[in-house]
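Hi,

Here is the structure for your files. Please open it alongside the notes below.

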Amino acid sequence: MNALAAIIAREIAANGPMRLDRYMALALGHPQHGYYPTRDPLGAGGDFTTAPEISQMFGELVGLWLAQAWMDAGAPADFVLAEAGPGRGSLMADILRATARVEGFAPQVWLIETSPALRAVQKARLGAVNWADDLAALPNLPLIFVANEFFDALPIRQFQRGADGWQEVLVGAGLKPSLGAAFADAGLDARFGTAPGTVGEVCAPAEGFAAALGARLRAYGGAGLAVDYGDWHGTGDTLQALRAHKAANPFEAPGQADLTAHVQFGPLAAAAGQAGAFTTQGRFLERLGITARAQALAKAGAADMAADVVAAHRRLTHPEEMGNLFKVLALGPGAQNLAGFDKNEHFSPAI
Ligand code: SAH
């Protein structure tokens, strides 16, 4: 048993079975033993990789999308460019490089990051930018917001539908999943249906973050883009642990494996209360011109680089790779005509 498992076991012994959101928050965020505060988890030597780590093309296209959103918002001279959960800072570095020649695009850059270890990596990569623990600490200015694989790291609760109501999935003695007492909940019924055996996941921190983002976009203008794995709505147990690029048991060695759950974008959009648009990562990147960008990069580089670019293009866009599993949600008051989305993928606040 590692040190964090012992801490969790003591809390369970004292207070009874632990909610999954508490378990996930400790495993990912415990200041001394949590996953993110103690390491840089990305890349080949780490536990998982992400779109901005796979290729610069991702951040370049996202950067140009953000610059377009800034122009659509009236190109304000004073504005904040904020990224939540920026990891190694690669996405922000590519965004800033791709937008360096966009006239007037001179943002105050803010990184919303809670991990001291990753803040240090970001500082080495990006130099003098600003850090905050959450959206509330940002200056009150128009906001251009981006997040990649941020919402999937926020703690979820899980509920299982039985014949006579819902039971919460809890972490019991020996860090074994167990079920709490049955209760009735019309909200969960409406959201996930009532078929016995259904598992419903609720991510209150993600919905709270989206509500704060929506309120900021209404108050100060701007736009937001969130990319993550998941779907508009979903049911089923999606809690997943990854260690050294392999699936692991989420209840073994807490703090030593990455824990994520699929993002449900519908509840995020509803919480934000904004107009927006929703599509797959593959379609979004194709429409923004990733194929042309890949061809240009392949032509400019050596032969082995060309092979890498082709592989990265496939990884990011192919339906059997990240193309369909990953989704893109755009939000903003001026979101009627966002690049990268089809007309029928747009929605208005009342959804
Ligand atoms: N966006 C990066 C990293 C994804 S990993 C990429 O695509 O490569 C998740 C990131 O979210 C890490 O930087 C982690 O430290 C951060 N994070 C996790 N929980 C957070 C929270 N509650 N508040 C702010 N950042 C958080």
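Helix α4 (residues 56-72) packs against helix α5 (residues 90-99) at an angle of about 55°, and their axes lie 7 Å apart. Axes are lines fitted to C-alpha atoms, for helices over the stretch in contact, with angles from 0 to 180 degrees between N-to-C directions. The two helices are therefore oblique to each other (under 35 degrees is roughly parallel, over 145 roughly antiparallel, 65 to 115 roughly perpendicular, the rest oblique). Their crossing is right-handed (near helix turned clockwise from the far one by less than a right angle). On α4, the contact residues include F58, V62 and L66; on α5, L91 and I95 are among them (contact: heavy atoms within 4.5 Å).

This is a predicted model: local features need pLDDT of at least 70, side-chain atom pairs pLDDT 80 or more, while totals for chains, interfaces and linings use all residues. Numbering starts from 1 along each chain as its sequence is written, and side-chain values use heavy atoms, without hydrogens or water.

Now the strands. Helices (H or I, at least four residues) and strands (E, at least two) are DSSP runs, numbered from the N terminus. Six of the six residues of β16 (residues 326-331) are buried, so the strand is largely enclosed by the rest of the structure (buried: under 20% relative accessible area, 1.4 Å probe, protein chains only). F326, V328 and A330 point one way; K327, L329 and L331 point the other.

β16 pairs antiparallel with β10 (residues 222-231) over six bridges (pairing needs at least two DSSP bridges). There, A226 sits opposite L329. β15 (residues 276-280) also pairs antiparallel with β16, over five bridges. T280 has K327 as its bridge partner.

Best wishes

How values were computed. Buried means under 20% relative accessible area, exposed over 50%, partly exposed in between (1.4 Å probe, protein chains only).
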